[in-house]
Amino acid sequence: MQEPDRELYLAVTIDAFENIFSRQVGKVAINYFKLKLIVFSFDEEELQWILT
């Protein structure tokens, strides 16, 4: 609220994304809260960006 121009991203593991955010309830939360996610894996050195 103090810096409305700053963009906030939520970093989640690929497991959390697949178990929560890829389901209907997760999709609703992403849209309702206008979440921007960074999805990552501890096993791989590759980041996957998912922007909404």
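**View 1. A nonpolar surface patch is formed by Val 28, Tyr 32 and Phe 33**. Together these residues have about 380 Å² of accessible area, where accessible areas come from the Shrake-Rupley method with a 1.4 Å probe and, for residues, only the protein chains shown count as cover. Patches are made of residues with over 30% relative accessible area and no salt bridge, like charges being joined within 9 Å and nonpolar side chains (Val, Leu, Ile, Met, Phe, Trp, Tyr) within 5 Å. Val 28 belongs to helix α2, residues 24-33, and is partly exposed at a relative accessible area of 46%; buried means under 20% relative accessible area, exposed over 50%, and partly exposed in between (1.4 Å probe, protein chains only).

The model is predicted, so local features need pLDDT of at least 70 and side-chain atom pairs count only at pLDDT 80 or more, whereas totals for chains, interfaces and linings use all residues. Residues are numbered from 1 along each chain as its sequence is written, and side-chain values use heavy atoms, with hydrogens and water left out.

**View 2. The side chains of Glu 3 and Arg 6 meet in a salt bridge**. The N to O distance is 2.7 Å, and a salt bridge is defined as a side-chain nitrogen of Lys or Arg within 4 Å of a carboxyl oxygen of Asp or Glu. Glu 3 is partly exposed, with a relative accessible area of 46%, while Arg 6 is exposed, with a relative accessible area of 62%. By this rule the count comes to two salt bridges.

**View 3. Glu 7 and Lys 36 form a salt bridge through their side chains**.

**View 4. The largest nonpolar core has six residues: Val 12, Phe 17, Phe 21, Ile 30, Leu 37 and Val 39**. The elements that give two or more residues to this core are α1 (14-21) and β2. A nonpolar core is a set of buried Ala, Val, Leu, Ile, Met, Phe, Trp, Tyr and Cys residues joined through side-chain atoms within 4.5 Å. Not counting residues up to four places away in sequence, Phe 21 touches Leu 10, Val 12, Ala 16, Gly 26, Lys 27, Ile 30, Leu 35 and Leu 37, a contact being heavy atoms within 4.5 Å.

**View 5. The whole protein follows the pattern β-α-α-β-β along its sequence**. It has two helices and three strands, with helices (H or I, at least four residues) and strands (E, at least two) taken as DSSP runs numbered from the N terminus. The average pLDDT, the predictor's confidence in each residue from 0 to 100, is 84, and 83% of the residues score at least 70. Confidence is lowest in strand β3 (residues 47-50), at a mean of 63, and highest in α2, at 93.
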